[in-house]
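These are my notebook entries on one model. I looked up the sheets, a pocket and a few single residues.

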Amino acid sequence: MNINEERIEELRRLFGRPCNVVIVGHTNPDGDAIGSSLALAEVLTARGHKVTCALPNNYPYYLRWIPDSEHIIIYRNDDEHCTEKALGEADVIVCADMNALTRADALGEAVSKNSTAKRVLIDHHLYPAEGFDIVFSHPESSSTAFLMYSIIVALYGKEAITAKIATQLYVGIMTDTGNFAFSNLTPDLFEAVAALSATGINIPQIYNNVYNSFTEGRAKLFGYTINRKMKTLLGGRVAYMSLTEEEMRRYWFQQGDNEGFVNYPLTIKKMKMSAMFTAQTGFIRVSLRSRGDVDVDTFARRYFNGGGHKNAAGGKSFVSMDETIAHYINSVKEYHEEGLV
């Protein structure tokens, strides 16, 4: 990956002496946000910096084995520590795997209100927000973890990548590429994966820790969702599913249990687009996936005040589930009439 040398030099100067760093991830953190944040934290800690990783809310149980994840501060549980101590003392704030502070919700607001630190953005989503001193925005990257690998190597060389860091980065790359099934699978990505593998990481174990560590409730919820809740449109080329709070409680839902559900309709040969609507406190989370030329980033921005990538995006709805689904159906019809799906 081509990393801007001038920005690398700016980052090298910024970290030229030991300082206090806070690394912030997005709401509903995934493997990419966690893995890339922890890897940078490990690299900087080894070079004398005091580093804190902070997330807006908790992360799925099947990611809690990732090395050093137990040290992450969860803002929702410990906002006083984040705002008054870590953020107040920070010399540098790094935002990883998000294109704007608004993606961190209340934690992002706390950064804006409580810190005058230098701000660094490291991300692979479209349309980075303004207000950052140093920006590494690479939408062509398959994951922020791959981008983070490239930045670490540019700063400190491949010898900086220990087995612990390689594990953290591999989790981010693996999860954001769907175990190397999505787009942007470039030769330099696989060269990076080879370098991570060369540190001796246990790739089959990493895979099992993430994808084969679910609960019985999650398996039953998945079966219920596919069998009872999946509906199709446009002759089976578009799908949608929904889960209410009551339905999730019925299957002992834990955060992250519905991760990946939205991808499953795309295993159907003629399917082009899939949506998942999940009830949250005060809103409905909208997850969108597609394949080929169907652009769900544009769809999310136009209809659900969201965004993301061409084939993976999301947004929010602040009306009822029935109204959200009706809006989606009408939006799909409009998108279809424009020849976009």
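**Entry 1: the mixed sheet.** I traced an open sheet of six strands in the order E7-E8-E9-E10-E12-E11, and its pairing is mixed. I took helices (H or I, at least four residues) and strands (E, at least two) as DSSP runs, numbered from the N terminus. I counted two strands as paired if DSSP finds at least two bridges between them. The edge strands are E7 (231-233) and E11, each of which pairs on one side only. The model is predicted: local features need pLDDT of at least 70 and side-chain atom pairs count only at pLDDT 80 or more, while totals for chains, interfaces and linings use all residues. Residues are numbered from 1 along each chain as its sequence is written, and side-chain values use heavy atoms, with hydrogens and water left out.

**Entry 2: strand E12.** I then followed strand E12 (residues 312-317) within this sheet. Strand E10 (residues 283-290) runs antiparallel to E12, and six bridges join the two. I noted Ser 317 in E12 as the bridge partner of Ile 284. Strand E11 (residues 307-308) also pairs with E12 in the antiparallel sense, over two bridges. Here Gly 307 has Gly 314 in E12 as its bridge partner. E11 and E12 form a hairpin, with three residues between them. Which residues of E12 make up its covered face? They are Ala 313, Gly 315 and Ser 317, whereas Ala 312, Gly 314 and Lys 316 form the uncovered one.

**Entry 3: the parallel sheet.** I found six strands forming an open sheet in the order E3-E2-E1-E4-E5-E6, with parallel pairing. At its edges are strand E3 (73-74) and strand E6 (134-137), each pairing on one side only. As a general point, strands of a sheet pair through backbone hydrogen bonds, either parallel or antiparallel.

**Entry 4: strand E1.** How many of the five residues of E1 (residues 20-24) are buried? Four are, and I record the strand as mostly covered. I use buried for under 20% relative accessible area, exposed for over 50%, and partly exposed for values in between (1.4 Å probe, protein chains only). Strand E2 (residues 50-55) runs parallel to E1, and five bridges join them. Asn 20 has Lys 50 in E2 as its bridge partner. E1 and strand E4 (residues 92-96) pair in the parallel sense over four bridges. In that pairing, Val 22 has Ile 93 as its bridge partner in E4, and Val 24 stands opposite Cys 95. E1, helix H2 (residues 31-45) and E2 make a right-handed β-α-β unit. Right-handed means that, with the strands pointing away from the viewer, the path from the first strand over the helix to the second runs clockwise.

**Entry 5: the second largest pocket.** I looked next at the second largest pocket, whose volume is about 160 Å³. A pocket is, on a 1 Å grid over the protein atoms alone, an open set of points where a 1.4 Å probe fits, with protein on both sides within 12 Å along at least five of seven lines; lining residues have an atom within 4 Å of a point. Grid points are joined across faces, edges and corners, and the volume is the space filled by probe spheres set on the points. Among the lining residues I listed Leu 38, Glu 42, Val 51, Cys 53, Asp 68 and His 71. H2 and E2 are the elements that give two or more residues to this lining. The largest share, four residues, comes from H2. By class, I recorded five nonpolar, three polar and two charged residues in the lining. For these classes, Ala, Val, Leu, Ile, Met, Phe, Trp, Tyr, Cys and Pro count as nonpolar, Asp, Glu, Lys and Arg as charged, and the others, Gly among them, as polar.

**Entry 6: Leu 14.** I placed Leu 14 in helix H1 (residues 5-14). Leaving aside its neighbours within four places in sequence, Leu 14 is in contact (heavy atoms within 4.5 Å) with Cys 19, Val 92, Lys 118, Val 120 and Ile 134. The C-alpha atoms of Leu 14 and Val 120 are separated by 9.9 Å, though the residues are 106 apart along the chain.

**Entry 7: two positive phi values.** Asn 28 lies in the loop between E1 and H2. Its phi is near 50 degrees, a positive value in a residue other than glycine. Asn 28 is partly exposed, at 21% relative accessible area. Asn 305, in the loop between helix H11 (296-304) and E11, has a positive phi of about 50 degrees although it is not a glycine.
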